[in-house]
Amino acid sequence: MNNDTNSFPIEPKLSTFFDEERAETHAPVDLFDRIEERLMEQDSKRGWTRVFSFASGHGQMLGIGIAAALVIMVGASLVTFSGNGFLILGDSGAAGNPGGQVTVGAGSPLSSETQAAVPRAAAGETVVQTVTVQRVLADQVLQTVVVLESGGNSGAPIAAATVTPSPWLALSAAETIGLANIPAGGYAITQEQYYELLRQVLAGELVAPLESPSGTFFENYGVNPFTTTLVDPITTFAMDVDTASYTLTRGWLNSGSVPPPDAIRVEEFVNYFDQVYPDTNDTFGINVDAAVSPFHDDGRLLLRVGVNAEDINVGDRRVATLSFVIDTSGSMGRDDRLELVKRSIGELVANLRTGDRIGVVEYGSTARRLIEPTTDKGAVLSVVNSLVARDSTNAEEGLRLGYAMAEENFVPGNINRVILMSDGVANVGETGPNALLQDIKETAQDGITLSTVGVGLGNYNDVLMEQLANNGDGNYVYIDTVSEATRLFGNGLTGLLEVVAAEAKIQVEFNPEAVAMHRLVGYENRSLTTEEFRDDTVDAGEVGAGHTVTAIYELRLLDDPTGDIGEVRVRYTNPDSGVVSEIALPVDQSVANVAFDSAAAAYQVTAVAAMFAEVLRESPHTSDVSLDELAETLNRLSSSGRLTDSRSVELLELILTAKALGVTGYIPAGE
Amino acid sequence: MDENQAIKLCQEGHQAAFRVVVDQYGDLMYGTALMMTRDRMLAEDIVQDALVLAWKSIKKFEAGTNLRAWLMTILINRVKNVMRRKRPAEISSDESYEEPYSSYNALDAVITAEEAVRIRSAVHELAFEPRQAVVLRFYAEMTVPEIARTLGWKEGTVKSRLHRALRQLQGVLDPPNPDQSPAPVLLQEEGMQR
């Protein structure tokens with residue numbers, strides 16, 4: 001045998017064998033998904049990624065708590081700590097003391113001043129003490145607990161505890177020590193309970209439940225990730241013209257609370273603003289512009305894709321029969337909720353066209369028909385103005401009665417709409433919402449649609465209000481002020497009632513030769529598959545006359561992009577004829593030739609609104625966006641006389657309010 | 001998107017861009033792990049671990065250098081870790097893997113399905129160290145210097161272990177036949193790039 005290493009006769013066969021093996025061996029097809037899943041799990045253990053939904057009824061209180069928590073943590077971020085154990089980040093009782101490491105079981109970890117404050121609060125004195133505790137395991141922050149306590153007139157100490165990442169943990173903590181219900185201002189606990197709470201937190205005995213509790217008020221639909229164009233160049237979503245999330249947020253911020261992140265839907269922020277697209281004579285016009293984001297440091301483009309529906313004159317709108325279903329349960333008596341309902345209907349009545357009819361159903365624990373659909377505006381107003389809030393809620397009975405009214409008064413070819421006005425549908429009878437939602441969906445196909453109008457912030461059920469309107473092929477709006485009522489039911493009434501396109505969808509296909517990665521900002525719960533775009537049986541969005549639908553995309557272009565950025569496609573059904581149409585607009589690279597500061601004012605405002613929503617919902621893609629920069633953009637527009645729209649001015653105020661309330665957005669782990 | 005751009009985006013923290021890396025090297029990494037462990041489940045775990053680790057250390061990767069070799073180094077370290085913790089008896093070949101791929105049944109195949117099964121089992125019967133050398137050389141098509149760096153051996157050690165491994169395989173599969181002309185292909189091409 002030849003001893004030369006190069007001459008084993010087996011080698012050709014071996015070589016062929018390995019070639020074949022290589023060609024036939026494949027990693028699991030979902031390898032990347034599995035890796036992504038593992039990385040996500042690790043992220044969620046790390047601390048700041050918010051995983052849990054808010055528990056029902058406590059949103060407002062927790063909103064305040066979170067704001068406080070973030071402020072404190074920012075203030076205490078100089079404290080460094082590694083290893084395992086517990087750390088007091090701050091104790092307002094210890095002046096100038098940044099906190100320090102705590103040894104479990106070595107007596108109270110609190111400063112003597114904080115300890116002394118508890119009996120003082122118990123004696124009725126007003127004290128405010130703040131303690132922030134982190135539990136750290138292997139350098140990872142597992143829990144952060146903030147305890148705010150203050151005494152009040154009640155004579156009992158009051159403490160509100162909240163925990164990041166999971167506010168739910170605070171509730172779990174409260175329940176552990178026997179506090180089932182937490183009032184708006186916090187909950188009353190005794191000194192013993194207070195220390196028991198701290199002890200349990202410090203001892204790591206409190207563990208967040210893995211699933212969010214039932215009956216959540218807001219649903220977390222997640223945040224769209226960046227997608228590699230090479231892997232998936234296409235995004236598809238149903239159009240959405242709702243604006244409720246923005247007006248709800250305005251209500252929260254103006255009442256001094258930070259909205260729960262789950263309440264933020266970016267698209268409803270974006271669509272609140274006037275986009276000033278050129279009028280179109282077709283059903284839809286498509287508009288695209290882009291600029292490099294001044295808010296991020298990686299050169300990403302913010303692409304605005306907008307669709308505007310043709311407008312029609314009030315006189316050209318179809319005659320409508322509107323069956324109002326009005327919540328008169330006890331909570332509607334709070335604040336000025338019922339008053340907003342009355343003002344809204346007053347505004348609407350003033351803008352009706354000849355032949356429109358209005359009927360009213362009210363519901364508390366039972367539902368009653370107050371007035372059958374009539375053209376007599378005076379009669380309607382006198383019925384509505386005499387409404388008083390009294391007892392408990394039976395929304396399902398109210399809705400069923402409203403639908404019965406609409407069906408009895410159905411006029412083919414006209415607008416036949418049920419309009420639910422409520423401060424939140426917490427439940428819809430014994431059977432749960434699914435049966436009702438299904439009925440609403442079927443009735444919408446027969447021509448009776450449903451709009452939902454929200455008022456009031458307390459026990460507000462955003463999820464169901466939105467689902468009801470989605471199933472009913474109508475829209476979902478939220479009214480926080482009289483001027484919002486005027487906006488929606490005055491000028492906006494035609495668009496609210498007259499649908500010009502049904503099952504409307506947008507698809508954007510990016511060119512992998514030009515776009516490295518893309519991310520649709522928002523529309524998470526409107527997302528459709530690529531195939532569903534041309535499947536005309538899929539339920540999508542209804543768009544009213546004059547409405548605009550706008551989406552912001554974040555794009556990373558290739559270093560050397562070639563060809564178009566992509567193509568925007570719009571597909572919809574004519575609600576009268578049932579004819580399906582599809583239009584498309586190629587987007588070439590020149591759309592991005594403009595500097596952000598010289599882009600259209602509406603573009604800049606929209607970009608700011610989208611980024612503001614991203615910060616509020618703690619999107620991890622926005623960790624380098626600061627509220628200061630957003631405010632500065634609007635200030636600059638304002639000082640150059642380009643900010644003429646009162647809504648944009650108000651946006652600036654809201655951003656400053658959010659900043660004052662301590663909103664910082666997403667904070668990456670370890671920072 | 002090319003590899004360099006993907007790496008750049010990964011280093012900026014865009015996890016989605018990592019898919020380009022996984023799609024490009026996942027099969028090779030999995031196959032290498034499978035050749036070394038002959039256990040599909042174990043190979044899947046190893047590849048996942050290695051890629052998770054690669055993602056976490058992606059900022060340490062020096063742009064423009066050999067990504068393939070970098071990934072293989074991470075993979076081999078995982079393999080060595082796992083194999084070190086397990087006794088040979090614990091690593092059972094899974095039976096489905098004993099079946100030859102159907103491509104070996106093609107009429108024009110240089111080797112038959114029966115030969116493929118014999119080679120596969122002969123490779124697996126090699127001791128762990130020579131097996132690493134053979135798999136990296138012939139399956140992952142790495143050069144001797146690359147193998148030396150990846151395994152932390154001297155180049156001479158790589159060569160001698162490859163030589164012994166080939167002799168062993170030759171002996172098992174194809175008893176020496178002095179009349180057969182030599183086929184000096186594989187080991188000469190040490191500088192060969194894929």
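Me: With which residue does Arg400(A) form a salt bridge, and how far apart are the closest N and O atoms?

Reply: In this predicted model, Arg400(A) forms a salt bridge with Asp439(A), the closest N and O atoms lying 2.9 Å apart. The pair links distant parts of the chain, since Arg400(A) belongs to helix 11 (residues 395–408) of chain A and Asp439(A) to helix 12 (residues 433–445), 39 residues apart.

Me: Which residue does Asp597(A) meet in a salt bridge, and which parts of the chain does the pair link?

Reply: The side chain of Asp597(A) meets that of Arg636(A) at 2.7 Å, N to O. Asp597(A) sits in the loop between strand 23 (580–587) and helix 16 (601–616) of chain A, whereas Arg636(A) is in helix 17 (residues 627–639), 39 residues apart, and the pair thus links distant parts of the chain. Asp597(A) counts as partly exposed because its relative accessibility is 41%, and Arg636(A) counts as partly exposed because its value is 32%. Elsewhere, salt bridges that share partners join Asp298(A), Arg300(A), Arg519(A), Glu524(A), Glu554(A), Arg556(A), Glu614(A), Arg617(A) and Glu12(B) into one network.

Me: What is the accessibility class of Glu268(A) and Arg265(A)?

Reply: Both Glu268(A) and Arg265(A) are buried, and their side chains meet in a salt bridge at 2.8 Å, N to O. A search of the whole structure finds 46 salt bridges over all chains.

Me: How is the size of an interface often given, and what is the area buried between chain A and chain B?

Reply: The size is often given as the accessible area that is lost when the parts come together. Between chain A and chain B the area buried is about 5,300 Å², of which carbon and sulfur atoms give 65%, and the contact takes 48 residues from chain A and 58 residues from chain B.

Me: How many salt bridges and how many residue pairs in polar contact are found across the interface of chain A and chain B?

Reply: Across this interface there are 8 salt bridges, and Lys8(B) and Asp559(A) also meet through their side chains in a salt bridge of 3.0 Å, N to O. For polar contact, 14 residue pairs are found, with both residues at pLDDT 80 or more. On the side of chain A that touches chain B, at least two residues each come from helix 1 (11–24), helix 2 (31–46), strand 7 (227–228), strand 18 (515–521) and strand 21 (548–557). Helix 1 of chain A gives the most to that side, with 13 residues, and the residues of the side divide into 21 nonpolar, 11 polar and 16 charged.

Me: What is the mean pLDDT of chain A, and over which residues is the pLDDT below 50?

Reply: Chain A has a mean pLDDT of 74, and 69% of its residues reach 70 or more. Over residues 44–109 the value is below 50, and this stretch has 165 contacts in the model beyond near neighbours in sequence. Residues 204–217 of chain A also stay under 50, and for them the model has 37 contacts beyond four places in sequence.

Note on methods. Residues numbered from 1 in each chain as written. Chains lettered and ligands numbered in written order. Heavy atoms only, no water. pLDDT = per-residue confidence, 0-100. Contact = heavy atoms within 4.5 Å. Buried area = accessible area lost by both parts, 1.4 Å probe. Salt bridge = Lys/Arg side-chain N within 4 Å of Asp/Glu carboxyl O. Polar contact = N/O pair within 3.5 Å; in protein donor to acceptor, adjacent residues only side chain to side chain. Helix = DSSP H or I, 4+ residues; strand = E, 2+ residues; numbered from the N terminus. Nonpolar A, V, L, I, M, F, W, Y, C, P; charged D, E, K, R; others polar. Buried < 20%, exposed > 50% of the residue type's maximum accessible area, 1.4 Å probe, protein only.
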